[in-house]
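Thanks, everyone. I will go through one model today, starting with a strand and ending with some aromatic rings.

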Amino acid sequence: METARLRLRPLTPDDLEQLVALHGDPQVMSFITGAGETREVVETQSLPDLLARRTWLLFETETFVGWASLRLEGDEAELGYRLTPAAWGRGYASEAARALVALGFRQLGLARIWGQTMAVNVGSRRVMEKAGLTYVRTFHLAWDDPLPGAEQGEVEYALLRADWR
């Protein structure tokens, strides 16, 4: 799959090293775990989880810039993405997210695509908005060791196929 600037290819087990570098970066994981993941966690948890979804690695020419995914749940899917800090602010996440929204509605026949992030994660919220998702709600989860900003809650965004342009 290709967009104007990105090449997306399905994730495989051979992509472990790219995920170790991405998920090991504390900046990348700041709104997810608050710290980088160890190689063992990536190998035994993150990689299998991403392989269970529909996940694509993102490349700008030959440079790995991250991944984007759809976690299918019946006729809905959760949109996810994670990019290298060097790729932040360049519109790659929004571009990949729009491609997955189109794929989800056109080819997978989904009725709804949604995503969630910490309310304080302004960058991720912008990505969802640029992909056509709109704010649904703010909710609060109980955390044993909350990340800074957790007190402001989590936000959910969604888009129905009927509202998709």
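Buried means under 20% relative accessible area, exposed means over 50%, and partly exposed is in between, with a 1.4 Å probe and protein chains only. This is a predicted model, where local features need pLDDT of at least 70, side-chain atom pairs count only at pLDDT 80 or more, and totals for chains, interfaces and linings use all residues. Residues are numbered from 1 along each chain as its sequence is written, and side-chain values use heavy atoms, leaving out hydrogens and water.

Strands (E, at least two residues) and helices (H or I, at least four) are DSSP runs numbered from the N terminus. Strands pair if DSSP finds at least two bridges between them. With β7, residues 154-160, β5 runs antiparallel over 7 bridges, and M118 stands opposite E154. With β4, residues 76-83, the pairing is parallel, over 3 bridges.

Now the rings. Rings of Phe, Tyr and Trp (its six-membered ring) pair if their centres lie within 6.5 Å; planes under 30 degrees apart are stacked, over 60 edge-to-face, and the rest tilted. That rule gives 3 aromatic pairs. One of them is F59 with F64, edge-to-face at 6.0 Å centre to centre and 65° between the planes; both residues are buried. Another, Y135 with Y157, is edge-to-face at 5.9 Å and 80°. Y135 is in strand β6 (residues 134-139) and Y157 in β7, 22 residues apart. Which of the accessibility classes does Y135 fall in? Y135 is partly exposed because its relative accessibility is 42%, whereas Y157, at 1%, is buried.
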